[in-house]
Amino acid sequence: MDREVLDRLITQYNHLIDYTILIEDPSFLDVFKAALPHYDEEIKPNRFIGAVFIILCELHDIDNDTFIDDGLRKIRTVSYKNEIYSIVEMIVEPVLSNLVHDIEDQETFLLEEVWHMLNHHGIHELEPIPKKNAFAQFYILQDETEIDVEFIDLVEDMIFDLYDAKVEDYETIAYNLLKLCPFAHSGMSLFLNVVEIQDYKQLLNVIIRAFEKVHEEALMKVIPRFYYHENFRDYILALESLALLHKWEGDYEAAKELYQKALKYDDLDILHIKESILLPLLATGDFEGFLDVSEELKEGIFKRYVELFNGLINAYEPLEYETYENAYNASPLIMEMLCTQKDLYEEASAKERKYLDDFYGVWQMQKDVLEHLKELYFKRTVS
């Protein structure tokens, strides 16, 4: 192909970047590359790129006419839609065929690479994932295996490539790779979404242990924006998830310790752990810790209702009415549930449910406090 023609095609392609940058699997570039061998130089470059754009939209079920027309305007072809659709009809089958071959070639190459590694380590047949205690043996494997950061990166790249390529039974292949490399915590994290894995506490403990062994030195430092540093979010997410499971089971001491460990590193409190730790602090009698964290809460439902709760329970100072109003305005639904016994849980937002899951029962146990709250609620309702 003439270099000048290719340059014109690329120029037209670049005009549509902002309309296609977030579209993946296949991306605009995937479709463009698949269509290029079938480009007829009698077709004007902007018409050809318009056809590629239309094919991409169809592949991703994008049927918003305004979006498509705006894209075509960027390459000045909105008036040539009939011509563009005739080009689509002409090249769509070859494009789809090329895309399929590309995917098949990628999967074949990936599987060859994976099996080469497995065979090199003496694995010639995949071990199925155990139905129970799938990751129990990983505690022993982590004690017996040396930490090799380059090998960890290689195994994790393979696992994510298997996932992205939608390789059949990728979970079993990934599991066998993880047995070779029991410190690949990001690869393990994929199994949190595998329904066959039942013992999430076991898996989360293994992920946390792997991270702490691999990043032992890093954990002794202060790392700003820890959650966004490399793949360190695995650690915070695992700590938060394990703490939540302990909280659901009523093991508030274990939950508190895990939340505190997460807060030690997550300087931005991305997962709102300061909200989540409040109940464990209260349930374990750590009232000083409860009050300290309450002061650090971000603006929102938890902050306003904790202020209200603390204000009502304080026998030494009268409650400022503004404190009640702030809580009511943050969530009228929660106030109605607390004061009328109506079950509005299904109508609640995710944040409201999170607060109710932790503190609805606490309010119910504080009869005197709840009665005072009801007086304020019905007085406001009447007025």
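The mean positions of the 35 positive and 77 negative charges of the chain lie 6 Å apart. In this count Lys and Arg are positive and Asp and Glu negative, while His and the chain ends are not counted; each charge is placed at NZ of Lys, CZ of Arg, CG of Asp or CD of Glu. The model is a predicted one, in which local features need pLDDT of at least 70 and side-chain atom pairs count only at pLDDT 80 or more, whereas totals for chains, interfaces and linings use all residues. Residues are numbered from 1 along each chain as its sequence is written, and side-chain values use heavy atoms, with hydrogens and water left out.

The chain contains 21 helices and 0 strands; these elements are DSSP runs numbered from the N terminus, helices being H or I of at least four residues and strands E of at least two. The chain is more spread out than a compact globule, because its radius of gyration of 28 Å is well over the 21 Å that the globule rule gives for 383 residues. The radius is taken over C-alpha atoms, and the rule is 2.2 Å times the number of residues to the power 0.38. The C-alpha trace spans about 85 × 60 × 40 Å along its principal axes.

Of the 383 residues, 45% are buried. Buried stands for under 20% relative accessible area, exposed for over 50%, and partly exposed for values in between (1.4 Å probe, protein chains only). Among contacts between residues at least 6 apart in sequence, 65% join residues at least 24 apart, a contact being heavy atoms within 4.5 Å.

The largest nonpolar core holds 94 residues, of which Phe135, Leu177, Met335, Trp363 and Leu373 touch the most other members. Apart from it lies another core of 30 residues, including Leu9, Phe32, Ala35 and Leu99. Such a core is a set of buried Ala, Val, Leu, Ile, Met, Phe, Trp, Tyr and Cys residues joined through side-chain atoms within 4.5 Å. Beyond its neighbours within four places in sequence, methionine 335 is in contact with Tyr305, Leu308, Tyr324, Ala327, Tyr328, Leu373 and Tyr377. Met335 is one of the buried residues of helix H19 (residues 332-340), together with Leu333, Ile334, Met337, Leu338 and Cys339. Glutamine 341 follows H19 and has a positive phi, near 70 degrees.

Helix H20 (residues 350-365) contains glutamine 364, which counts as buried because its relative accessibility is 17%. Setting aside neighbours within four places in sequence, glutamine 364 is in contact with Leu338, Gln341 and Leu370. Aspartate 358 is also placed in H20, and its relative accessibility of 9% makes it buried. With neighbours within four places again left out, aspartate 358 is in contact with Lys247, Glu275, Ser276 and Leu279. Phenylalanine 183 is 175 residues from aspartate 358 in sequence, and the C-alpha atoms of the two are 34 Å apart in space.

Positive phi values are also found in loops. Arginine 76, which is not a glycine, has a positive phi of about 55 degrees. Its place is in the loop between helix H5 (65-74) and helix H6 (81-120), and arginine 76 counts as exposed at 72% relative accessibility. Aspartate 169 likewise is a residue other than glycine with a positive phi, near 55 degrees. Aspartate 169 lies in the loop between helix H8 (149-164) and helix H9 (170-180) and is partly exposed, at 41% relative accessibility.

Helix H8 includes tyrosine 163, a partly exposed residue with a relative accessible area of 41%. Outside four places in sequence, tyrosine 163 is in contact with Tyr170 and Leu190. Tyrosine 163 and leucine 190 are 27 residues apart along the chain, and 8.8 Å separates their C-alpha atoms. Glutamate 249 occupies the loop between helix H12 (233-248) and helix H13 (252-265) and is exposed, with a relative accessible area of 53%. Between the C-alpha atoms of glutamate 249 and glycine 311, which are 62 residues apart along the chain, the separation is 29 Å.
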